[in-house]
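Subject: A structure for you to look at

Hello,

I am handing over a structure for you to explore. Please open it and keep it beside this email as you read.

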Amino acid sequence: MTDFQPRPEDKFTFGLWTVGNVGRDPFGPPVRNPISPVEIVHLLAEVGAYGVNYHDDDLIPIGTPTAEREQIIRDFKKALADTGIKMPMATANLFSHPIFRDGAFTSNNPKVRAFALQKTLQCIDIGYDMGASVYVMWGGREGTETDASKAATDSVKRMREAVNFITEYIKSQGYNLKVALEAKPNEPRSDIYFPTTGAMLGFIATLDHPEMVGVNPEVAHEHMSGLNFMHAVAQAWDAGKLFHVDLNDQLFGRFDQDFRFGSVMLKQNFFLVKFLEDVGYSGSRHFDAHAYRTEDYAGVRDFARGCMRTYLIFKERAARWNADPEIKAILEEVNANDGSVDFLKGGFTPEKAQQLKATEFDRDGIAAKGLAYERLDQLTVEVLLGVR
């Protein structure tokens, strides 16, 4: 058994906005006093995290004078150096200020779209200087409450123009930086454009530099739609586009809960961790989650430690699942191959098509055989419950 303590190679990261969340919600004011970005870095070092991710406004409030802005950056860099905390990801807040109330890159107002680009380039410059290798784009206001307000095709074109501009800027600066698009189905808008990871993958194929752009799937965002998050991650991985991943927890069909990772959907998160570990995902494991509003900062520390510890428990259980003799035997049986259709390997040829059309299949015999998936699922539950 492991002690389930985080190590640097686990690459566990938290955003400034996560452990720094003050517990405000739509029905009540903050319950925790704000702490500074420097204090957040030291808190994360204390709980054993690898890195911190940067929202521009969380580090430097919008409208901060230049001299104060530069001092904030110096103090933050010193905190990173003093603690050894890394900063692998940067993202710009294009949703909080009222200027973005009708979107940033998809706003009808060209001045709003230009300001969003300016803010993004500034965020990229600062983030890259502090070590970021991924820039995440979440379009929190890129949507609509009424389709009378804008043409959806215009919004798609405007978003494409923005991402193309950003990637060209990154290339012009010589930055070794990837862009990861983050999908969300709704909230805070009634409908948000590109609502799923699959929609983002389709959009990426239309860009000028698709090789520079991938996705940042988030557990809660797929679960809000009632979708299987691991399947979205697997599709992104298969496409070579899993540039970053946001881990939290979320009941299906609810508002954006951002619970502690693994706190409500145990089996779903187990298979997610198993997938990431089985394929050898080497990027950050970023916890985009918030402590309960009931907590003080001791509870916030418990929240952060819990996210990492649960991931490591799932990782150990995944190794145990992979090694379980009965599970392995069932998987070998359901994947058995007698070689009779191996002629299809290697892709289509006219000869293979003719041979396939001439092949006889024992439909009833194949259909009569049980697959033992009930037993397989029960064994999975028993591994998770620690009785195997």
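Below are some notes on a strand, its aromatic rings and the pockets.

This is a predicted model, in which local features need pLDDT of at least 70 and side-chain atom pairs count only at pLDDT 80 or more, while totals for chains, interfaces and linings use all residues. Residues are numbered from 1 along each chain as its sequence is written, and side-chain values use heavy atoms, with hydrogens and water left out.

Let's begin with strand β1, residues 12-15. Helices (H or I, at least four residues) and strands (E, at least two) are DSSP runs, numbered from the N terminus. Both faces of β1 are covered: Phe12 and Phe14 on one side, and Thr13 and Gly15 on the other, are all buried. Buried means under 20% relative accessible area, while exposed means over 50% and partly exposed lies in between (1.4 Å probe, protein chains only).

Strands pair if DSSP finds at least two bridges between them. Three bridges join β1 to the parallel strand β10 (residues 285-287), where Phe287 stands opposite Phe14. Another three bridges join β1 to β2 (residues 51-55), again running parallel, and Gly15 has Asn53 in β2 as its bridge partner.

Now for the rings. The whole structure holds 15 aromatic pairs. Rings of Phe, Tyr and Trp (its six-membered ring) pair if their centres lie within 6.5 Å; planes under 30 degrees apart count as stacked, over 60 as edge-to-face and the rest as tilted. Phe12 and Phe287 make a tilted pair, 5.4 Å centre to centre with 45° between the planes. Phe12 lies in β1 and Phe287 in β10, so this pair ties together parts that are 275 residues apart in sequence. Phe12 has a relative accessible area of 1%, and Phe287 has 0%.

Finally, the pockets. The largest pocket has a volume of about 1,600 Å³. On a 1 Å grid over the protein atoms alone, a pocket is an open set of points with protein on both sides within 12 Å along at least five of seven lines, and lining residues have an atom within 4 Å of a point. A volume is the space filled by probe spheres (1.4 Å) set on the points. Of the 47 lining residues, Trp17, Asn21, Arg24, Asp258 and His290 are the closest to the centre. The second largest pocket holds about 450 Å³.

Enjoy exploring!
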